[in-house]
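Open the model in your viewer and keep the selection tool ready. We will go stop by stop.

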Amino acid sequence: MIEIAHLTKTFRKFKALDDISLHFEPGQTISLLGPNGSGKTTLIKSILGLMIPEKGTIRINGNEVKDHWEYRSQIGYMPQIGRYPENMTIRQVIKMLKEIRKDCNRYDEELIEGFNIPAVHHKTMRSLSGGTRQKISACLSFLFSPDILILDEPTAGLDPVSSELLKDKIVKERANGKLILITSHVLSDLDDITTHIVYLQDGKLMCFKTVEELKKSTGQEKLNKIVAAIMQKNYREEYLLHENNY
Amino acid sequence: MKTIIKYVLLDLLKNKTILVYTLILAAITISVSGIGDNASKALLSLLNITLLFVPIISILFSTIYFFNSVEFTELLLAQPIKRKTMLLAEYAGIAIALTIAYLVGVGVPICIFYYNLAAVTLIISGLFLTLIFSALALLIFVLFKDKTKGIGAAIITALFFILLFDGLLLSFIYSFSDYPIEKPLLGLISLNPVDLARILVLLQLDAAVMMGYSGALFKKFMGSAMGSIYTLVCMLCWTIIPLITAARIFKKKDI
């Protein structure tokens with residue numbers, strides 16, 4: 001569904017993405033993991049066409065991202081920071097997106113109901129707390145029932161109840177055969193929902209494996225232990241590499 | 001496109017800065033109009049106020065608004081919309097909001113007090129200044145990644161056209177006063193939208209000769225009609241060229 005080949009992106013001298021090749025299929029939930037500044041958001045933004053890579057191609061259902069824009073109707077995106085025009089009310093924001101997406105007339109309003117958004121419909125975006133804005137972003141990304149969902153730090157700032165609700169929704173959508181990409185630093189949130197793990201470090205792809213494989217190879221059950229094991233392995237390899245240099 | 005314009009407008013018309021801008025313009029216009037009974041004097045004062053306020057408010061407000069809505073722009077661009085459509089729609093929303101503010105603040109009172117050709121040209125030049133300086137703000141937004149730098153650039157651009165340009169022009173006239181520089185001077189004036197707006201109004205006010213070298217030149221070389229058409233065309237270029245450039249650069253910008 002998403003094919004990424006030899007994707008490279010540099011900012012001045014800094015390599016944000018270095019020759020990344022990946023292949024994602026429907027029904028997968030992929031966790032994009034890595035330390036801060038490892039290129040997760042850059043990768044997501046490249047898929048969305050918000051950043052323009054200098055090398056490599058990204059294809060979504062066979063269409064190259066670079067010269068198409070219609071493909072974005074199949075993607076629901078939840079940004080890391082959701083900021084909206086200050087004086088708009090929640091109702092207006094939702095209505096505006098519905099009007100922009102005239103191609104879609106069946107709405108998935110499960111999250112809107114779940115988060116009880118209609119109760120605060122009249123509030124302006126300026127007066128909302130960070131968590132509520134996060135909820136709006138989540139609702140908007142699921143609203144047009146897209147085939148691909150890209151969620152950048154979805155659970156950061158959400159209260160436990162909402163966070164659980166969102167996770168349930170993610171599991172449900174995956175069961176419907178959708179492809180879901182998540183980045184998060186709260187690994188315990190990803191535990192039950194991930195099927196695959198992509199680990200990036202300094203713009204390089206360190207590992208792309210299923211959770212099952214990783215559980216076997218590392219002998220760990222919990223995601224945070226698994227990730228710790230990957231990080232340690234990388235660290236050891238780097239260490240050895242340095243030693244060889246001397 | 002229409003949808004985005006509509007909602008940007010809905011947001012902006014509730015914006016406090018726009019409301020205050022409208023009120024201040026209205027207050028100034030009404031008080032200046034009330035002072036004397038000489039229409040052309042009042043229009044001259046209003047012209048000076050327009051030339052000073054409109055560019056700097058338009059460019060600063062638009063730049064800040066564009067930079068503040070970066071995340072929202074990002075969200076909209078994740079929808080199936082062309083980048084160009086998105087950018088121009090956002091520009092149109094801001095430009096329309098500022099235009100309405102100017103029309104309500106200056107246009108309506110002027111038309112009530114003195115309805116003549118000079119008043120209408122004053123309104124037209126104010127509108128063009130609004131369009132031009134918000135287009136320049138769009139260009140600044142596209143060129144800079146950092147908000148602080150962008151606002152700095154906006155202030156410098158506005159000051160350059162309002163103050164600095166005339167100084168440079170004067171020094172140019174002084175240093176080349178032995179040569180026939182009238183025609184090159186006309187060309188140079190077209191490089192400053194604020195000067196163009198000034199000339200457009202002065203040509204209608206019969207005060208062109210009073211207001212210095214450039215006004216007299218325009219009157220002498222082109223006559224009122226040709227001069228007006230020329231300035232209007234120049235101002236139209238000043239609106240369109242920054243917009244096209246901004247759309248081109250935005251196509252390849254990382255957000």
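The tour below says what to select and what is there.

**Before you start**

This is a predicted model, in which local features need pLDDT of at least 70, side-chain atom pairs count only at pLDDT 80 or more, and totals for chains, interfaces and linings use all residues. Residues are numbered from 1 along each chain as its sequence is written, while chains are lettered from A and ligands numbered from 1 in the order in which they are written.

**Stop 1: confidence**

The mean for chain B is 88, and 93% of its residues reach 70 or more. Find helix α8 (residues 182-189) of chain B, where confidence in the chain is lowest, at a mean of 81. Then find helix α6 (residues 117-143) of chain B, where it is highest, at 94. For the complex, the predictor gives an ipTM of 0.86 and a pTM of 0.90.

Helices here are DSSP runs of H or I with at least four residues, strands are runs of E with at least two, and both are numbered from the N terminus.

**Stop 2: the annotated spans of chain B**

UniProt positions are given in the numbering used here, feature names are shortened, and annotations may be inferred rather than shown by experiment.

Zoom in on residues 42-67 of chain B. This span is 100% helix and 0% strand, with its end C-alpha atoms 37 Å apart. Now take residues 88-115 of chain B: 93% helix, 0% strand, and end C-alpha atoms 34 Å apart.

**Stop 3: where the chains touch**

How many residues of chain B are in contact with chain A? There are 20, and they meet 23 residues of chain A. Contact means that the C-beta atoms of two residues, placed from the backbone, lie within 7 Å. On the chain B side, α1 (2-13) and α4 (70-77) are the elements that give two or more residues. The largest share, 5 residues, comes from α4(B). By class, this side of chain B has 9 nonpolar, 4 polar and 7 charged residues. Ala, Val, Leu, Ile, Met, Phe, Trp, Tyr, Cys and Pro count as nonpolar, Asp, Glu, Lys and Arg as charged, and the others, Gly among them, as polar.

**Stop 4: a nonpolar core**

Select A:I150 and B:L138. Of the 138 residues in the largest nonpolar core, these two touch the most other members. Such a core is a set of buried Ala, Val, Leu, Ile, Met, Phe, Trp, Tyr and Cys residues joined through C-beta atoms within 7 Å. The largest share of this core, 18 residues, comes from α6(B). Around B:L138, show B:S62, B:F66, B:Y91, B:P242, B:L243 and B:A246, which B:L138 touches, not counting residues up to four places away in sequence.

**Stop 5**

Select residues 2-227 of chain A, listed by UniProt (unreviewed entry) as "domain: ABC transporter". The span is 31% helix and 27% strand.

Inside this span, pick strand β9 (residues 196-201) of chain A. Why is β9(A) largely enclosed by the rest of the structure? Because 6 of its 6 residues are buried. Buried means 20 or more other C-beta atoms within 10 Å of a residue's own, exposed means 12 or fewer, and partly exposed lies in between; C-beta atoms are placed from the backbone. A:H196, A:V198 and A:L200 point one way from β9(A), and A:I197, A:Y199 and A:Q201 point the other way. In a regular strand the side chains alternate between the two faces of the sheet.

Two strands pair if DSSP finds at least two bridges between them. Strand β3 (residues 29-33) of chain A pairs with β9(A) in the parallel sense over 4 bridges. There, A:L32 stands opposite A:V198. Strand β10 (residues 204-210) of chain A pairs with β9(A) in the antiparallel sense over 6 bridges, and A:H196 stands opposite A:T210.

**Stop 6: a positive phi**

Most residues other than glycine have a negative phi. Select A:H6, in strand β1 (residues 2-11) of chain A. A:H6 has a positive phi of about 50 degrees, although it is not a glycine. With 13 C-beta neighbours inside 10 Å, A:H6 counts as partly exposed.

Key
pLDDT = per-residue confidence, 0-100.
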